[in-house]
Amino acid sequence: MDRRRGLSARMKLTLSYAGFLAVAGALLLAVVWGYLLRYVPDNPQGLLGVSPNRYLLIRTFLPAAAVAMAFLLVFGLVGGWLLAGRMLAPLHQIRDAARRAGDGSLSHRIRMKGRQDEFRELSDAFDSMLRRLESHVDEQRRFAANASHELRTPLAISRALLDVARKDPTRDREELVERLQAVNTRAIDLTEALLLLSRGDTGNFTRESVDLSLLAEEAAETLLPLAEQRRITLDVTGGAARTSGSAELLLRMVTNLVQNAVVHNVPTGGTVAVRTGTDGATSVLRVENTGPHLPPELVPTLTEPFQRGAERVRTDEHAGVGLGLAIVHSVVRAHDGSLTLASRPTGGLLVTVRLPGAR
């Protein structure tokens, strides 16, 4: 935005200091005039013919007062300019850091030294903002690169299948159509997951009262055939756990957790336990499953987009696109909640979602 250039903050502070000092000096001289000179007799002979009269004191006082006022004004301007510069020096550091950030350099930090004051608090807050912004930008770059890579794979397979169909007319077209349909379905699932993840990150949705226990029952009912197919016991218990948010996003969150617990389980005879309840003013959802042992260093990476641990990769029709827990994390974050993942000592994963209770 183009604005008319005005006085700098340093000049404004300087004039304020000088003006304040001049006013204080003028008040002091007024006090001297009002309480001293008025008691001096105003007659040609003075007091008893010895003391000076008011006329002589005024002639000697006024020039000295004028010199003192001029000195106060100059001293106020010079001292105010130096003091203002010293006081505003931290702002120049913050300004330079803001300009660097505007030019794309998010790695720079102010790290202002000295004791804690308003400028240091502003500097620390700015550094914290840059740190979060840099982390967010890096995350978005990785996400864009991974999404491009994931979307390129089904497109490349589709092009290869179409080339085969064009160059080899004798090839079984029904087989090619089925493979194209499978690849296209995976691409659509990936695109929908990306859109859902983006929607969760923006937090642009209408909030309403939602009961997590009802969502858990609905998700379990939907995934019951999958659990029975894999001979996995699906158990949903617990009380009401009301929160405020998007019913659609929260249902997807619960569904992803339950599906993830069913798919990444032991080959047969496994269990999935879903528990809902409250902890004070917090609504809690816990999803626990049996399964292979997860290394501790793997667990924190499971919520990152397209991150698939080697022990959690599936090759069947429920392989997913690597966004299940990433979507869960995004939805939980958009609802001001917390997500905790912990590997079970006997194998499997325990996921705990904590959301603010409905007011």
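Trainee: Is Asp211 buried or exposed, and what is its relative accessible area?
Mentor: The model is a predicted one. Buried means under 20% relative accessible area. Asp211 falls below that cut-off, so Asp211 is buried, with a relative accessible area of 9%.

Trainee: Which residue forms a salt bridge with Asp211?
Mentor: Side chains of opposite charge can pair when their charged atoms come close. Here the closest N and O atoms are 3.9 Å apart, and the partner of Asp211 is Arg242.

Trainee: How many residues apart in sequence are the parts that Arg242 and Asp211 tie together?
Mentor: The salt bridge joins Arg242 to Asp211. Arg242 lies in strand E3 (residues 242-245), while Asp211 lies in strand E1, so the parts tied together are apart in sequence by 31 residues.

Trainee: How does Arg242 count by relative accessibility: buried, partly exposed or exposed?
Mentor: Arg242 is on the uncovered face of E3, along with Ser244. The covered face holds Thr243 and Gly245. Arg242 has 41% relative accessibility, so Arg242 counts as partly exposed.

Trainee: In which sense do E1 and E3 pair, and over how many bridges?
Mentor: Strands of a sheet pair through backbone hydrogen bonds, either parallel or antiparallel. Within this pair, Ser209 stands opposite Ser244 in E3. For E1 and E3 the sense is antiparallel, and the count of bridges is four.

Trainee: How many residues apart are Asp336 and Arg207?
Mentor: Asp336 and Arg207 form a salt bridge, with 3.9 Å between the closest N and O atoms. Asp336 sits in the loop between helix H7 (324-334) and strand E6 (338-343). Arg207 sits in the loop between helix H4 (173-202) and strand E1 (208-211). The pair links distant parts of the chain, and the separation is 129 residues.

Trainee: How many salt bridges does a search of the whole structure find?
Mentor: One of them joins the side chains of Asp96 and Arg95, at 3.4 Å from N to O. Asp96 is partly exposed at 35%, and Arg95 is partly exposed at 37%. Over the whole structure, the number of salt bridges found is eight.

Trainee: Which strands stand at the edges of the five-strand sheet?
Mentor: The sheet is open, with mixed pairing, in the order E2-E4-E5-E7-E6. An edge strand has a single partner, so one side of it is left without a neighbour in the sheet. The edge strands are E2 (233-238) and E6.

Trainee: How many bridges join E4 to E5?
Mentor: Strand E4 (residues 271-279) and strand E5 (residues 282-289) run antiparallel. Thr278 has Ser283 in E5 as its bridge partner. The number of bridges joining E4 to E5 is eight.

Trainee: Which helix gives the most to the nonpolar patch?
Mentor: The patch covers about 720 Å², and its residues include Leu7, Leu15, Val74 and Trp81. Val74 is placed in helix H2. With six residues, the helix that gives the most is H2 (residues 54-102).

Definitions and conventions
Residues numbered from 1 in each chain as written. Predicted model: local features only at pLDDT ≥ 70, side-chain atom pairs only at ≥ 80, totals over all residues. Heavy atoms only, no water. Salt bridge = Lys/Arg side-chain N within 4 Å of Asp/Glu carboxyl O. Buried < 20%, exposed > 50% of the residue type's maximum accessible area, 1.4 Å probe, protein only. Helix = DSSP H or I, 4+ residues; strand = E, 2+ residues; numbered from the N terminus. Pairing = 2+ DSSP bridges. Patch = residues over 30% accessible without salt bridge, like charges linked within 9 Å, V, L, I, M, F, W, Y side chains within 5 Å. Areas by Shrake-Rupley, 256 points an atom, 1.4 Å probe, with all protein chains shown as cover.
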